[in-house]
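Welcome, and please open your viewer for a short walk through one protein chain.

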Amino acid sequence: MIEHRVVAGTVELHVEVSGKGVPVFLLHGLGLRGQLWNRVRQSFGPGYQLVVVDLRSAGRSTETQREELSLARWADDLEAVRQKLGIDRPVLVGHSLGGSIALKYALEHPEHVGALVLIGAEANLSNLAPRMNSSAERI
């Protein structure tokens with residue numbers, strides 16, 4: 001596994017990359033971190049390049065300046081990671097908030113997405129922000 005630090009505006013994202021082959025981004029949910037995917041990552045056989053991202057405000061990612069969290073901002077962060085690693089058309093696997101981020105990213109950058117796997121994601125992105133804020137306050 002290789003660890004990377006990817007700067008995207010006011011955040012330095014912690015990214016772990018392992019394996020070679022079909023690129024698969026693994027995106028965690030609200031209040032979690034990339035470690036959520038450790039057991040899943042171990043289950044993949046050869047032929048995959050797994051990219052685990054600690055999202056903005058989570059895990060080992062650090063913000064130099066706190067900014068409003070939004071799906072658009074997280075999607076922009078994901079694009080910065082994709083560009084920095086030079087990956088084309090990854091499979092995006094997202095759990096909960098990570099799934100909503102993957103969906104937002106796919107809507108904004110369809111030419112850069114190989115496939116989507118959404119696990120417990122909210123498909124109605126217009127209703128997500130108020131619910132996300134209330135969830136974040138409880139954590």
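Among contacts in the chain between residues at least 6 apart in sequence, what percentage join residues at least 24 apart? The share is 67%, where a contact means heavy atoms within 4.5 Å.

Before going on, a word on what you are looking at. This is a predicted model, in which local features need pLDDT of at least 70 and side-chain atom pairs count only at pLDDT 80 or more, while totals for chains, interfaces and linings use all residues. Residues are numbered from 1 along each chain as its sequence is written, and side-chain values use heavy atoms, with hydrogens and water left out.

**Stop 1: the whole chain**

Switch to a cartoon view and colour by secondary structure. You will find four helices and seven strands; helices are DSSP runs of H or I with at least four residues, and strands are runs of E with at least two, numbered from the N terminus. Trace the chain from the N terminus and the order reads β-β-β-α-β-β-α-β-α-β-α.

Of the 139 residues, 42% count as buried. Buried means under 20% relative accessible area, exposed over 50%, and partly exposed in between.

**Stop 2**

Side chains of opposite charge can pair when their charged atoms come close. The model has ten salt bridges, each a side-chain nitrogen of Lys or Arg within 4 Å of a carboxyl oxygen of Asp or Glu.

Select Arg-5 and Glu-12 to see one of them, with the closest N and O atoms 2.8 Å apart. Arg-5 is partly exposed at 35% relative accessible area, and Glu-12 is partly exposed at 30%.

**Stop 2: a charged network**

Next, select Arg-56, Glu-63, Glu-67, Arg-73 and Asp-77, which are linked in a network of salt bridges.

Begin with Arg-56 and Glu-63, whose closest N and O atoms lie 3.6 Å apart.

Then move to Arg-73 and Glu-67, a salt bridge with its closest N and O atoms 3.0 Å apart. Here Arg-73 is partly exposed at 25%, and Glu-67 is partly exposed at 27%.

Key:
Buried < 20%, exposed > 50% of the residue type's maximum accessible area, 1.4 Å probe, protein only.
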